[in-house]
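I opened the notebook to log what I looked up in this model. The entries follow in the order in which I made them.

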Amino acid sequence: MASESTIRQPFDFAAEQLSTEQRGLWEQAFRRLIRNRLAFAAGLLLGVLVILSLGAEFLPAIQRHDPIIQDYGITNQGPSMTHWLGTDILGRDMWARLLQGTLFSLKIGLGTQVIILLIGISVGMSAALAGHKSDSILMWLTDLAYAFPDLLAIIMMRQMLFGRDWPIIGKGDPQIPGLPSALLATILAISFVSWVTVARLVRGQMLSIKEQDYVLAARSIGASPWRVVRVHMLPNTLSTVIVAVTFGIPLAIFAEAALSFIGLGVPPPDASLGSLISDGYDNLYSNNLLVVWPAIMVAVLMLSFTFLGDGLRDALDPRTRK
Amino acid sequence: MLAYAIRRVLLIIPLIWAVATITFFLMHGIEGGPFDSDKPLSETARARLNERYDLDGSLPSQYGNYLWNLAHGDLGISVSNDRDITDIIRERLPISAQLGICAFLFACTFGLTLGAVAAINQNGVGDYIGVFLATAGAALPSFVLAPLLVITFALKLNWFDVLGWELWNYHKMVLPTISLGLLPAAFIARISRASMLDILRQDYIRTARSKGLTEVGVVVRHAVKNALIPVLTVLGPIFAGLVTGSFIVERAFAIPGLGTTFVNSVLIRDYGLIMGVTLFFAILIAVMNLIVDLLYAVADPRIRL
């Protein structure tokens, strides 16, 4: 018994130390996030919306009706027990269409952030670490991006990517299941225009971390440059990046909805929140509830992500702790 | 400062070049051309149209021609209605400018008041209302706000008109102005609240109070003036936001301004018009940013350019 503990103790001790330390950081942040009631409620609401809209895609019990099947016998109905949110001018069930639109918006929000992260982190990192020339190229690019009205650029980029049968994006049938080519074109267009913010953030963080003592310490004990970046520098940019991503999601949802609103969204009969608002707006006189549901949903999504982002920022940055 | 201003003005030129280049190639990457329609044109007709609108020749030579004409201030003619693009912009601009200026004034007055009231009542009822409005305003994009406002105030209450824009006719002015201006107002409210809170703790505010100035006098004469400086720094993004917001608000209220022109020109691939409007917006934003930076230096003597 005694001999066993003496043998195992050093190993266990180290492992435990490491794991509690790592859990400590994230657990603390999580606790702080939960204590922020608004952020917690926003996160909960978003979770419910994700489950509902994903569930609707696969479970008819949630979706209840087909979002694209038209029934001219029941056009423009108000909310009822069979059609919870009523029907639109072509007799399609609004509940099903709203959930489909929400799922599209969530896919846009998350999809853009994945691509923005890939581009933003690699460009930001190389700008900070690869010397002056690459740094000034990035700075010039970001200046340009800030001067260019972004929605203008997104509109043109989306038009260029859509309907031209590019690899991956395709034309007509979706190349990637669940991502129609119009949706993918929009995701890419938004990402290609808005990655600069993340790149700039990562660059700034990396530049300041590069000068920190712990990086100097790691380098002086002979850690390879790649290890310093991977183990010490990247994880320390993580909290900034997470917050940027949370704020980036509502911006992407906004951009897609704006594009759909001016007629550059997913082609009918599919519905995104923006095209639902656009359709509802065109039929304002015959049934003004049609525009209200998707408008409320966009507002709820954007508010929730904003509150969650605020909460995450406070939770992840120990300096703002009161 | 003059040297700085001149350098900044000169820097706009490479910016125009870069925007023109990017726009040119993006635009020509869009599937189809301006003369594609359901009824195909004969080869000769197409060739003559291409010649008329400078669309013949290789892409690089078109690009060269375009830059050459641009350097002479010539934006070309629109494919869709055969008019000078400068004329189209000149005709559509006043409407968009009126809308933008109204929204801007609304955003400044509403945002600043909200921010100041919130800061003075820190953690009081006024603060909660202010912060709530600022956060909610930031989450209500114009295409969400516009339909909700129209339903409530135009269809149900019948206070305002559903469509259109006319200066000095409040039936047509209020809803587009609020739809476009609320987002920047929320932005300004957040910034001005933070800067007011900071300033109300400064020594010179205590001095002003201790020399017997009324609270209103302190706030209006000393605090608000200084709280304006950080707000100046966000005016650049706010102008850009008003430009992009105008696409949506003009579509929502059927206002024939520049935003509508741009969206239509993309849909029908009117290359010249897309380029013209994009360049115009880019220059506008660059000039606004320059003015804001210079104003910043004028307003805050501690900043030297």
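I started with salt bridges, which I take as a side-chain nitrogen of Lys or Arg within 4 Å of a carboxyl oxygen of Asp or Glu. By this rule B:R209 and B:E215 pair through their side chains, at 2.9 Å from N to O. I looked up the cover on both. I use buried for under 20% relative accessible area, exposed for over 50%, and partly exposed for what lies in between, with a 1.4 Å probe and protein chains only. B:R209 is partly exposed at 36%. B:E215 is partly exposed at 40%.

I noted the ground rules next. This is a predicted model, where local features need pLDDT of at least 70, side-chain atom pairs count only at pLDDT 80 or more, and totals for chains, interfaces and linings use all residues. Residues are numbered from 1 along each chain as its sequence is written, chains are lettered from A and ligands numbered from 1 in the order in which they are written, and side-chain values use heavy atoms, without hydrogens and water.

I looked up B:D127 and found B:R193 as its partner, with the closest N and O atoms 2.8 Å apart. This pair links distant parts of the chain: B:D127 sits in helix α5 (residues 125–139) of chain B and B:R193 in helix α7 (residues 170–200) of chain B, 66 residues apart. For the helix labels I use DSSP runs numbered from the N terminus: H or I of at least four residues for helices, E of at least two for strands. B:D127 counts as buried because its relative accessibility is 3%. B:R193 is partly exposed at 22%.

Then I turned to B:D87, which meets B:R90 in a salt bridge at 3.7 Å, N to O. Both lie in helix α4 of chain B, three residues apart, about one turn of the helix. An α-helix has 3.6 residues a turn, so residues three or four places apart point the same way. B:D87 is partly exposed at 35%. B:R90 is exposed at 58%.

**Entry: chain A overall**

I counted elements in chain A: 11 helices and zero strands. Of its 322 residues, 47% are buried. I count a contact when heavy atoms come within 4.5 Å. Among contacts in chain A between residues at least 6 apart in sequence, 69% join residues at least 24 apart. The accessible surface of chain A is about 16,300 Å², and carbon and sulfur atoms hold 65% of it. That area comes from the Shrake-Rupley method with a 1.4 Å probe; for residues, only the protein chains shown count as cover.

**Entry: chain A against chain B**

How many residues of chain A are in contact with chain B? I find 40, against 41 residues of chain B. The two chains bury about 3,800 Å² between them, 78% of it on carbon and sulfur atoms. Buried area here is the accessible area (1.4 Å probe) that two parts lose on being put together, summed over both.

Two salt bridges cross this interface. In one of them, B:R190 joins A:D310, with the closest N and O atoms 3.9 Å apart. A:D310, A:R313 and B:R190 are linked in a network of salt bridges.

Which element of chain A gives the most to the side that touches chain B? I find α11(A), with 10 residues. By class, that side has 30 nonpolar, five polar and five charged residues. I class Ala, Val, Leu, Ile, Met, Phe, Trp, Tyr, Cys and Pro as nonpolar, Asp, Glu, Lys and Arg as charged, and the others, Gly among them, as polar.

I checked one loop residue too. A:N288 lies between α10 and α11 of chain A. At 18% relative accessibility, A:N288 counts as buried. Not counting residues up to four places away in sequence, A:N288 touches B:I151, B:L155 and B:K156.

**Entry: helix α11 of chain B**

After α11(B) comes B:R269, with a positive phi near 55 degrees.
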